[in-house]
Amino acid sequence: MRAMVGVRCAAALVSAALICLGGFLGDQAFCFNEAPMLAKLVKEGKLPPVDKRLPAQPVVIKPNEKPGVYGGVWRRAYTGMGDLVGARRVVYEPLVRWSPDYKILPNLAEKWEISDEGRAFTLHLVKGVRWSDGEPFTVEDIIFYFDDVLADKELTPSIPKWISPEGKMPKVTKVDDHTIKLEFEEPNGLFLQQLACPHGMELTTKPKHYLKKFHKKYAKPEELDAILKQKNVSSWAKLFQDESSLRYCLFVSKEMPSLCAWVTTVPAPSKRFVMERNPYYWKVDTNGNQLPYIDSVVHELQAEAQTILLKAIAGEIDMQGRHLGGMQKSVLLVASMGQGNYRLVPKTATASVGLLLAPNLNHQDPAMRKILSDARFRIALSHALNREEINKIVYRGKGLPRQAAPLKESEYYSASYEKAYITYDKAKAEALLDDMGLKKGSDGKRARADGQPLRLTLDVTAAIENWVDQAEIVASNLGAIGIDTEVKAETRDLFRQRIQSAAHDIALWPGDGGMECLLEPRWYFPFSTESLQAPLYGKWYQTGGKQGEEPPAEIKELMNIYNEILVTVSDQKQKELFAKIIAANEKHLWVVGLVHDPPDYYVVAPNMHNVPKQDFQSWTYPNPGPANPEQFFMTKK
Amino acid sequence: MLTYIIRRIFIMIPTLIAISVISFIIIELPPGDFLTAYTAELSMSGEAIDQVELESLKKRFGLDEPLYMRYLLWAWNFLHGDFGHSFEWNKPVRDLIGERLAMSVTISTCTLLFTWLVSVPIGIYSAVRQYSWVDHFLTFIGFIGLATPNFLFALVLLWVSYAYLGMNVGGLFSPEYSEAPWDLAKVLDLLKHLWIPVVIVGTAHTAKFIRIIRGNLLDELKKPYVTTARAKGLPETRLILKYPVRVAINPLVSTIGWTLPELISGIAITAVVLNLPTTGPLLLRALMSQDMQLAGTFIMFLSALTVLGTLISDILLAWVDPRIRYEAREVK
Amino acid sequence: MEESREAQKYLDASTRQLIWWRYKKHALAMIGLYLIVGLYVFSMFCEFLAPYSKDTRHFDMTYASPTKIRLFDDEGKLKRPFVREVKMDVDLKTQQIRYLEVAGTHYPIRLFVRGDSYEFWSLWEGNLHLFGVDAPGRLFLFGTDRMGRDLFSRCLYGSRISLSIGMFGVALSLLLGLVLGGVSGYVGGWVDSLIQRTIEVIRCFPSIPLWMGLAAAMPPHWHALKVYFMITIILSLVGWTDLARMVRGKLISLREEEFVLAARFAGAGHTRIIFRHLLPSFTSHIIVTVTLAIPHMVLAETALSFLGIGLRPPITSLGTLLKEAQNVTTIALYPWLLIPVAFVIATVLAFNFVGDGLRDAVDPYSR
């Protein structure tokens, strides 16, 4: 029954894709066009003609507004190797992808079937796709990833959770050159969604014919040794990881074949890191023009985000959102828009709130633990917060005060959790605290049951100014109900060390996972050590009870529900199960949300077209990738 | 003279070794290592790194070794011309620092020249016309440069040139030249951008030089030979420029040594704001992310430069002033 | 006649008077002296002088530009200085903040008003401020920051921290410099060599990595005050070498002088020789060096803050105030937030002028 649902769902998507294909497939006279720079190479005999490079039935992308013209250089900026995330978001080609409204769409896998109650996934690849060096992309490349990368203990000590929640290798079978079947031991309810996330590109960035020479199993020992010596690397595993690391492999080498719209020609981290069009890119527009429209994507190295902002204002950036976010920069971008150097496209953060309070349930001091574990205390905190003040000061009144609940745009939205306990009501807060026995002394400050003064420290990362501002407002709000509160603003790594060892009272962090609740559940229950409300319970969950601390029953219950979601294929059933988790959160309020931030902006040059009208901002949804950057185009200025 | 130089070079070696040890310890001092910094950065963009990957990275970077082993390994390789591997940039350190170091030295040298060009005339003038209003004014201007924090000066300049002049003053090259091979056009392009950091950093140091020249010249002017020369009817300009000024400028030579590290530090901060391809921004990043071998190598090179600068200025001084040579022997 | 009387006065004067006379001739040095006195008075009594506390947020007045002080009312009549009530208005389309004066409102600036309460020097409580206006009128001489905090008040509190860091830091450098430089110069031999090599290593070491390493090494759970002292110590660790060199040089040149030999033959101990005979002979040099070292500390503190490793909020120093201002948005839209830099410049200038004046004055003949 469940399998049926999955197939039907997939079939619907495929037929949607076919509708846009249908437009020209019947037209026999149709021929494909290519960019002038490639046509020149074809003429010189350096490149096969376009119809030999494209699949017989290329994937058709319907332009966002209108078909574009070839040419142009898309100028962006980056701050170094750690910032290649920005480039990764431009070249987004997993097997299945997110649609601009955050649903699953076919990509390199043109259709799929789910069977055996969600245990088996049969993926059909688009036929005739080639790597950027002209070699065919086949099932072999994916099998190479599973058999020779994942299954190799030297390269991968254990299977990542996103592949299979229980960390077990699926059985991988080649059905034919373009069909692959993955069979998991347990139903894998989130597998397709995981494939659409950035890490899903692991499967599509492993050109076997190229990476073979770095792999012990395939390379001739003397050749491998020569490469190791030449690159000055001590072991083949290091070498292989370097050459295939998803974080940068597409951008640091000119040789690395790729399936993406642009391939690296001047590798990062140079002052100008350049990617040029992939002559073998396998998508065309509705007129049969091979994509991408834009010739090259250039990232200029900048030492600091501030200079990137200046470049944007001066019109030296054609489309970029990274390093241009945050209220402070948005304000200047809006103010300087009049010069006509750019327009702004809003993107909504998928985080449920810009910042939330995570009271530490794993506090080492038993007395504090008892207080922080008391739902009344957390509810009192929530009522003590003047969210309107935060909204006014930090977001100019454009944010939305709410709890760390799923967003309105998401399928898991709950109006009651969103608005729970967010009224600013000092009296109610004080009553709750009095009820807990945290009585006010003569100096107006509250004391714990054991007579010690009640002191709280708010841990926050100093990297972002408005986080510290919000923390300070929270601290003064709590001071007003008699809780002596101090803000501790730390560097990012110090902050992390403190919170991961559960040394904090209350930590402040954005509420990621307001849209992609199932993929990023850390604020709905202690999912991992990133769940700052209870990092040790999170560890317990991640390690299957081997490390960390055993959580109380009501939290274990949530973990069980989530485990059930993982093996559920039906969307409807997943939603019902998740609603239970939300209901529990509404009752216990493990984390206290503040305000959802107003949208950030992409800076878009006036001559840049086909960009989305609005977008999401998230990690799992690598914007602007889902908006098909290959069909962006630039007109002459 | 030769023995003096050899002796000085001999002293340099323990200094450099001490610096290398200290720099390693300093980089290691903050809690955590490169990976904690790295994970923290990833988490800021919403990406989580799992424990398994962390362990394998740790092994890959050799961070599971104890500190002294890492130091010895690095030092040993360093002596053999292998400066190690940058974790963050995933590149050999050698590839990263070469051109940047050259840029840093270029900017520092230009800045030093600029500083001298500005401060010598001002220093002379304000000594000759001590306590005149022009003296006060020039000194005041000199000190304003010293008193304004470089980074703020740079940022304001950057904004003003963007907003009001429509000019991009960041970086050292226009985009079309940044990856181009070196030729005359590129050098000219460099010069067009170079003046901004030179002025910003240079103004921070002119005051010091003005003070030195002014003080020395004041001393010289009081000496009997000046009075004698004046009594003999030597024209004032010639009188001053010929002898006292030359004596007063001499000590500037000795400032090369200690000015270099100050300039490089000053440029580091300015370079971050102005996005200059110098050692500064990279060094700061390397320090913040505890990119051990990159930061260590940088510090070694910068310190070596300083030590070398000191050596050169000492040699120059000894050459200019025989008394110092004599003193050096005597102290021994 | 006139000239000889002048000369006689000169001959009769004590050294101190001579120095003062010479010093007075240096106009910039005099200005510097007034400035320093002013800055220290400001920062010592900032609780009373500041119209608001440094942390009071006026959240309906974020990014307010400096309040207009008016002298003439609507009829054009001269009044005692007053301000108008100001209302914040956010343009929802452009997101820009505007402030509109409410016509007809009139709040005179009064002296000795009651306002935000404070603990003066952590000793006694008070709420009296030198000047201010009655609510709902508000007086922001330098405007407000992003949280609606009065920048003028924050500058005063910030100067207190920055100036005191300068003082303490230099005091510590002085101590280190005197002791180590003294030992080095007086004892000589291998001790001297060792200390000299150490100084050389420190001087060759680029200062920024040194600061960064040490500052980042501070345990994160430290209280803000402890961080403050630690930063001071770090700054002085780098700063003592100049003093030590100066002291050593002087000692070496002085220790062979007759008066020292005489003292030694008279049976004076080392300590006595150093503190009774040697030190006083170059106190003036020390004072000059110290005066010139203070602005260095103040600047270094701002540089540390720029790098994000110096003092952190909620401590307010000139460095942290500048850190908050050093972004393009501020420079473009809220330039008044750069005012703290004026305090930095004033401090650095003042100390340098005073130092120069002192140097000229105390050491008229030899250098």
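Just after α5 of chain C, C:Gly188 takes a positive phi of about 70°; helices here are DSSP runs of H or I with at least four residues, strands are runs of E with at least two, and both are numbered from the N terminus. The model is a predicted one, in which local features need pLDDT of at least 70 and side-chain atom pairs count only at pLDDT 80 or more, while totals for chains, interfaces and linings use all residues. Residues are numbered from 1 along each chain as its sequence is written, and chains are lettered from A and ligands numbered from 1 in the order in which they are written.

Helix α5 of chain C covers residues 151–187, 37 residues in all, and reaches 52 Å from its first C-alpha to its last. That is close to the 54 Å expected at 1.5 Å a residue, the expected span being 1.5 Å times one less than the number of residues. Of its 37 residues, 26 are buried, so α5(C) is largely enclosed by the rest of the structure. A residue counts as buried if 20 or more other C-beta atoms lie within 10 Å of its own, as exposed if 12 or fewer do, and as partly exposed in between, with C-beta atoms placed from the backbone.

Chain C as a whole has 14 helices and 7 strands. Its C-alpha trace spans about 85 × 65 × 40 Å along the principal axes, and buried residues make up 43% of its 367 residues. Among the contacts in chain C with a separation of 6 or more, 70% are between residues 24 or more positions apart; a contact requires C-beta atoms, placed from the backbone, within 7 Å. The chain is divided into domain 1 (61–148) and domain 2 (154–361), with bounds that come from an automatic or database domain assignment. Taken over C-alpha atoms, the centres of domain 1 and domain 2 of chain C are separated by 39 Å. Where the two domains of chain C meet, 6 residues of domain 1 are in contact with 6 residues of domain 2. The domain 1 side of this meeting has 3 nonpolar, 2 polar and 1 charged residues. Here Ala, Val, Leu, Ile, Met, Phe, Trp, Tyr, Cys and Pro count as nonpolar, Asp, Glu, Lys and Arg as charged, and the others, Gly among them, as polar.

Chain C also meets chain B, with 42 residues of chain B in contact with 38 residues of chain C. On the chain B side, α1 (2–28), α6 (133–147), α7 (150–163), α9 (184–221), α12 (244–274), α13 (279–288) and α14 (292–320) each supply at least two residues. Helix α1(B) gives the most to this side, with 8 residues. By class, the side of chain B that touches chain C divides into 31 nonpolar, 9 polar and 2 charged residues.

Attention now turns to the nonpolar cores. A nonpolar core is a set of buried Ala, Val, Leu, Ile, Met, Phe, Trp, Tyr and Cys residues joined through C-beta atoms within 7 Å. The largest has 334 residues, and those with the most contacts inside it are A:Leu356, A:Leu508 and A:Val603. Its largest share, 14 residues, comes from α12(B). A second, separate core of 6 residues includes A:Leu211, A:Ala237, A:Leu239 and A:Phe240. Not counting residues up to four places away in sequence, A:Leu508 touches A:Leu355, A:Leu356, A:Leu357, A:Leu458, A:Asp459, A:Val460, A:Trp467 and A:Ala471.

In chain A, helix α5 (residues 139–150) has 12 residues that should span 16 Å at 1.5 Å a residue, and its end C-alpha atoms are 15 Å apart, which agrees. Buried residues of α5(A) are A:Val139, A:Asp141, A:Ile142, A:Phe144, A:Tyr145, A:Asp148 and A:Leu150. These pack against β6, β7 (171–176), β8 (179–183) and α7 (208–211) of chain A.

Several loops of chain A carry backbone features worth a look. A cis peptide bond with omega of about 0° joins A:Ala268 and A:Pro269, and A:Pro269 sits in the loop between β9 (262–266) and β10 (272–277). The bond from A:Leu291 to A:Pro292 is cis, with omega near -5°; A:Pro292 lies in the loop between β11 (283–285) and β12 (296–301). A:Glu117, although not a glycine, has a positive phi of about 55°. A:Glu117 belongs to the loop between β5 (109–115) and β6 (120–125) and is partly exposed, with 15 other C-beta atoms within 10 Å. Phi of A:Arg396, a residue other than glycine, is positive and near 55°. A:Arg396 is found in the loop between α14 (387–395) and β16 (400–401) of chain A, and is buried, with 20 other C-beta atoms within 10 Å.
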